[in-house]
Amino acid sequence: MSPAVLRRLEAVVNESRERFVVDLAGRLRTLRAAVQELIDGNMEQRDLLSLVFDESLQIKGMGGTIGYNVLSLIATTLNDFVTGRTKIGRIQFEILQLHIDAMYVVIADRITDNGGILEDQVLSGLRTAVRKFG
């Protein structure tokens with residue numbers, strides 16, 4: 001392949017990555033809006049958990065595809081956490097919100113691959129919270 005072809009391919013890959021990031025950010029905004037709807041009493045827990053299940057499943061798949069592995073790992077933990085749930089208590093609700101906030105940070109700071117020591121500690125903390133209060 002010529003250098004010109006390689007540059008065009010790189011540009012296409014980067015454009016695709018940006019579209020994924022925009023889509024991921026939209027999904028996270030949807031989740032935050034749904035959390036607020038629940039807080040405001042305009043949404044049932046069952047509906048929120050169903051939405052979180054669907055969106056976290058999508059994020060889980062998309063994150064790894066574009067190199068945001070730590071995002072995918074957080075989404076996996078969240079997806080496992082809500083699977084089969086129709087109700088959550090106050091602590092579980094906070095754990096759910098922490099997952100969403102953590103994914104926002106990953107996207108905002110563009111933390112790719114597996115992140116660093118801090119991201120590893122955050123993920124470990126989320127997993128511990130899920131095990132302890134899940």
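Modeller: Arg-32 and Asp-101 form a salt bridge, with 2.8 Å between their closest N and O atoms; the term requires a side-chain nitrogen of Lys or Arg within 4 Å of a carboxyl oxygen of Asp or Glu. This pair links distant parts of the chain, since Arg-32 belongs to helix α1 and Asp-101 to helix α4, 69 residues apart. Both partners are partly exposed, Arg-32 at a relative accessible area of 38% and Asp-101 at 34%. On this scale, buried means under 20%, exposed over 50% and partly exposed in between, with a 1.4 Å probe and protein chains only.

The model is predicted, so local features need a pLDDT of at least 70 and side-chain atom pairs count only at 80 or more, whereas totals for chains, interfaces and linings use all residues. Residues are numbered from 1 along each chain as its sequence is written, and side-chain values use heavy atoms, leaving out hydrogens and water.

The setting is a chain with five helices and zero strands, following the pattern α-α-α-α-α along the sequence. These elements are DSSP runs numbered from the N terminus (H or I of at least four residues for helices, E of at least two for strands). Of the 134 residues, 35% are buried, and the C-alpha atoms fill a box of roughly 60 × 30 × 25 Å along the principal axes.

Helix α4 itself runs over residues 90–108, 19 residues in total, and spans 27 Å from its first C-alpha to its last, close to the 27 Å expected at 1.5 Å a residue; the expected span is 1.5 Å times one less than the number of residues. Its buried residues are Gln-92, Phe-93, Ile-95, Leu-96, His-99, Ile-100, Ala-102, Met-103, Val-106 and Ile-107. An α-helix has 3.6 residues a turn, so residues three or four places apart point the same way. The cover over the buried residues of α4 includes α1 (3–39), α2 (45–65), α3 (69–82) and α5 (117–133).

The largest nonpolar core holds 35 residues, of which Ile-59, Leu-71, Ile-74, Leu-78, Leu-96 and Met-103 touch the most other members. Helices α1, α2, α3, α4 and α5 are the elements that give it two or more residues, and α4 gives the most, with eight. Such a core is a set of buried Ala, Val, Leu, Ile, Met, Phe, Trp, Tyr and Cys residues joined through side-chain atoms within 4.5 Å. Met-103 shows the packing in detail: not counting residues up to four places away in sequence, Met-103 touches Leu-28, Ile-59, Leu-71, Ile-74, Ala-75 and Leu-78. A contact here means heavy atoms within 4.5 Å. Among contacts in the chain between residues at least 6 apart in sequence, 72% join residues at least 24 apart.

Just after α4, Arg-110 takes a positive phi of about 50°. Arg-110 also forms a salt bridge with Glu-18, the closest N and O atoms lying 2.9 Å apart. This pair, too, links distant parts of the chain: Arg-110 is in the loop between α4 and α5, and Glu-18 is in helix α1, 92 residues apart. Arg-110 is partly exposed at 43%, as is Glu-18 at 36%.

The count comes to five salt bridges. Within α1, the side chains of Asp-23 and Arg-27 meet in one of them at 2.9 Å, N to O, four residues apart, about one turn of the helix. Asp-23 counts as partly exposed because its relative accessible area is 32%, while Arg-27 counts as buried because its value is 19%. Glu-55 is found in helix α2 and is buried at 14%. Leaving aside neighbours within four places in sequence, Glu-55 is in contact with Arg-27 and Leu-31.
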